[in-house]
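Student: I have a model open and would like to talk through its side chains. Could you take me through them one at a time?

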Amino acid sequence: HTRGGTFFCYLSFFVFAIYSFLQSQAAQSDVERERFIFWHSMWHFFPLKVSALMLFDVYVLGDHKTPTEKNGAKTKLLSTILMETEFYSKKMF
């Protein structure tokens, strides 16, 4: 689960990274060195921006919890539910 604002930021970062990549390809084809360096650098900023967003999301905004987790109810994982069934709980050896 992600927050709506966080998802929008991830999406906008991704779209800008693709745009930067395409612009750097166009500059490389046109043999425009300065433009290529600029757009290629923008392409490489994508992981940095995403890392900063992830750190902000976790450490500043806090962990995102679902409504059931906020009420104190613990959600069981599917693997736990399966392992508690009769078929899997019998000893095989």
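Student: Is Phe-38 buried, partly exposed or exposed?

Tutor: Happy to start there! This is a predicted model, in which local features need pLDDT of at least 70, side-chain atom pairs count only at pLDDT 80 or more, and totals for chains, interfaces and linings use all residues. Residues are numbered from 1 along each chain as its sequence is written, and side-chain values use heavy atoms, with hydrogens and water left out. Buried means under 20% relative accessible area, exposed over 50%, and partly exposed in between (1.4 Å probe, protein chains only); with a relative accessible area of 27% for Arg-35 and 43% for Phe-38, the answer for Phe-38 is partly exposed.

Student: How many aromatic pairs does the structure hold?

Tutor: Rings of Phe, Tyr and Trp (its six-membered ring) pair if their centres lie within 6.5 Å; planes under 30 degrees apart count as stacked, over 60 as edge-to-face and the rest as tilted. Counted that way, the number of aromatic pairs is five.

Student: What kind of pair do Tyr-19 and Trp-39 make, and how far apart in sequence are the parts they tie together?

Tutor: Their ring centres are 5.4 Å apart and the planes stand at 90°, so this pair is edge-to-face. Helices (H or I, at least four residues) and strands (E, at least two) are DSSP runs, numbered from the N terminus. Tyr-19 lies in helix α1 and Trp-39 in helix α2 (residues 33-44), so the parts tied together are apart in sequence by 20 residues.

Student: Which residues does Ser-20 contact beyond its neighbours within four places in sequence?

Tutor: Ser-20 is found in helix α1 (residues 4-29) and is buried, at 0% relative accessibility. With contact meaning heavy atoms within 4.5 Å, its partners are Trp-39, Met-42 and Trp-43.

Student: Which residues do salt bridges with shared partners join into one network?

Tutor: A salt bridge is a side-chain nitrogen of Lys or Arg within 4 Å of a carboxyl oxygen of Asp or Glu, and the count here is two. Arg-35 meets Asp-30 at 3.7 Å, N to O, and Glu-32 at 3.2 Å, N to O. Asp-30 is partly exposed at 45%, as is Glu-32 at 35%. The network joins Asp-30, Glu-32 and Arg-35.
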